[in-house]
Amino acid sequence: MMPRRPLLPTLMGAALVGAAVLTAACAKKPVPLAPTPSANADSAARADSIARAEAARQAELARARAEQDSLRAVREREQRDAAQNADAMRVLAATIYYDYDQSDLTDAARSLLQAKVPVLQAKPATRIRITGHTDDRGSSEYNLALGLRRAAEAKAFLVANGIDGSRIDIASMGEEMPAVQGENEEAWSKNRRAEFAPITGGSEE
Amino acid sequence: MIRSNRTAAARLSTLVALAGTLALFAGAPRVARAQNPTQPPQGVRLGLNYALGTKPGVLVLPADTTAGDSLRAIIQRDLDYDDRATVVMLDEAGARALMPKSGDRFNYPLFAKLGVVAILRPQHSLTGLTVTMYDVASKKRVQTGSFTLPDTPNSAAWRMAVHAASDQIGKWIFGTPGAAATRILFSGGDKQIWMMDSDGANARKLTSLTLAMSPGWSPDGRRFVFSGFTARGSQIAVYDFLSHDMTWQSATPRGLNITPTFSPDGTTIAYASGADRGTDIMLTDVGGNDPARRITVGRGSDNTSPSYSPDGRQIVFMSGRAGHPEVYLMDADGTNPQILTEFTYGEAAYRASPDWSPDGRSIAYESRIDGSFQIMTIDLRDRTTKQYTSDGENEDPSWAPDGRHLVFSSTRAGPRELWILDTESGRMRQLTHAPGARLPAWSPLLAGR
């Protein structure tokens, strides 16, 4: 989402331009009860005043345009950054999947993990938690350990690729939090997974 | 039927009702024409003769207490669930017709004809309940027991006191008590710890956490240990029934801490703790904050679900160290680990959830057979195995204190529920009607609690 920019400088610029035009308009009117100055001096002063007002107006317009351009640039950069960040977070959060009763990383899991490495390198302050899950076949107690081993394998891969292990917590929910309900291979294959989430709320414990 | 009605017509209708309502819970009754009716009034034929097999028949007479009917029903159900006797079922009117007019002068030959070996007579007394047992063969009173009953009939404590009387009756007849005065802890479908009586009564929820699993009783039945999940992870906790306090064990504050069990002397908790290096069995002192002692060397494998031998000298547990989940034995200090079940090279077996029997002789576990999990036992003397189930997924066996019954979770009738199995007869009954029930733990005897 774009952060809102203050409109005040733009409005102030417009007000100044308006004031300058008003001043110029007033200056055109003859002053009835003034002492009579020389005609030449008077008209020269008037022309000079008009030119000054015009110059000020042009300068102000240029300044407002420049400000608009710069605001647009900031907005565009922010949009680009946000999109890039969202992409990065998607890459970081991408779930990886495992084979039945296995914690070994599949080729697909490795390539998803590899893509997380530059993201973590670009965000050295970010810590993540990897939570391993299993399908609901087998001992639900043993599945907690299996889920943890899956998370540990994913962590080991990231550490081997240069990420500081202290930035990665591992956890397991075993078969307790299935992504998909169902007693078939389609559901099971979606539940044998490790999920990645940035750790929020400062330091843990 | 009116007990005091002595007219021949009333007698006749009583006996007809008796014949109509006489039924046995187990064993096919064989109805035959009696050659020698014993003692019926003139004109009445008692044409019943039962082949009872090897289980002795017992008959529980109606109780003369305010809560008599439910009291009799509880004792009858306890003796039936005990699976050692055949409970001769008579409705109250039929049973009253068999009561002596006064004193103990039963019509013993008539009871013998009904296949009754022991007559049980519950009566109201100053202490609450007195149960007298009569031996039909010797035609005399052989046992009398007094049991204190709480004032409120059908309260949890009252029911437990009646169950204790049933267990004592089992001890009179068979020499060892039954396991009726017990409770079962389990993980409910709502992922909280629940408890119910062994007959399914008094179900109640005991935890309110993100997730609570794997309850295990203290040997004295006053506490239980379990694995509780919070936002910080999973931790071992002890719940005290008296104070209702829950105490987190802080021996391993981080990581995965699961599958706790008490040692038989109640001083130590064995559990599994997991981190980057894998999951290993740990020991910690109950309530203490001492560092946990790791007793398995899993080398990155998963080791969970410990269960102590009754003498406390050994621990059975499951491990994936051989590449697939198997059941192992080790000494209680972690030395001498050995695989329990016969290892077939290349076999992708999956054996899990071991529980050591109270008599120390066998271990119950679950084993994957043709793709489904089944309840098995292995005899520790000759390592012979026995399979008890074949329908659905059957898991998490836990022994009753009688060393004969197992409670386990099963999908045999649809959603996962708790079932009770008699390992002697193979008889099964459904305990819960709460989908998702699993990980049961059967208490020790809780008489007087």
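This is a predicted model: local features need pLDDT of at least 70, side-chain atom pairs count only at pLDDT 80 or more; totals for chains, interfaces and linings use all residues.
Five salt bridges are found across the boundary between chain B and chain A. One of them joins the side chains of K155(A) and D276(B), with N to O at 2.7 Å. On chain B, the elements that each supply at least two residues to the side touching chain A include β10 (211-217), β14 (256-262), β15 (268-275) and β30 (438-442). Sorted by class, that side of chain B has 13 nonpolar, ten polar and nine charged residues.

In extent, the contact draws 32 residues from chain B and 23 residues from chain A. About 2300 Å² is buried between the two chains, and carbon and sulfur atoms give 51% of that area. R254(B), D276(B) and D302(B) supply 23% of the area that chain B buries against chain A, more than any other three residues.

I turn now to confidence in chain A. The average pLDDT of chain A is 84, and 79% of the residues score at least 70. Within chain A, helix α1 (residues 8-28) has the lowest confidence, with a mean of 48, while strand β1 (residues 96-97) has the highest, at 98. The pLDDT falls below 50 over residues 11-27 of chain A, a stretch that has ten contacts in the model beyond near neighbours in sequence.

N143(A) belongs to helix α4 (residues 140-160) of chain A. Is N143(A) buried or exposed? N143(A) counts as buried because its relative accessibility is 2%, and the cut-off for buried is under 20%. The side chain of N143(A) reaches the backbone oxygen of R137(A) at 3.0 Å. Among the residues that N143(A) touches are T134(A), S172(A), E175(A) and, from the other chain, Y350(B).

On chain B, Q430(B) sits in strand β29 (residues 428-430). With a relative accessibility of 27%, Q430(B) counts as partly exposed. A polar atom of the Q430(B) side chain lies 2.9 Å from the backbone oxygen of T432(B), and the side chain also makes a polar contact with that of H433(B), at 3.4 Å. Beyond four places in sequence, Q430(B) touches A413(B), E417(B), L418(B) and W419(B).

Conventions
Residues are numbered from 1 along each chain as its sequence is written. Chains are lettered from A and ligands numbered from 1 in the order in which they are written. Side-chain values use heavy atoms; hydrogens and water are left out. Contact means heavy atoms within 4.5 Å. Buried area is the accessible area (1.4 Å probe) that two parts lose on being put together, summed over both. A salt bridge is a side-chain nitrogen of Lys or Arg within 4 Å of a carboxyl oxygen of Asp or Glu. Helices (H or I, at least four residues) and strands (E, at least two) are DSSP runs, numbered from the N terminus. Ala, Val, Leu, Ile, Met, Phe, Trp, Tyr, Cys and Pro count as nonpolar, Asp, Glu, Lys and Arg as charged, and the others, Gly among them, as polar. pLDDT is the predictor's confidence in each residue, from 0 to 100. Buried means under 20% relative accessible area, exposed over 50%, partly exposed in between (1.4 Å probe, protein chains only). A polar contact is a pair of N or O atoms within 3.5 Å; within protein, one must be able to donate a hydrogen and the other to accept it, and residues adjacent in sequence count only if both atoms are side-chain atoms.
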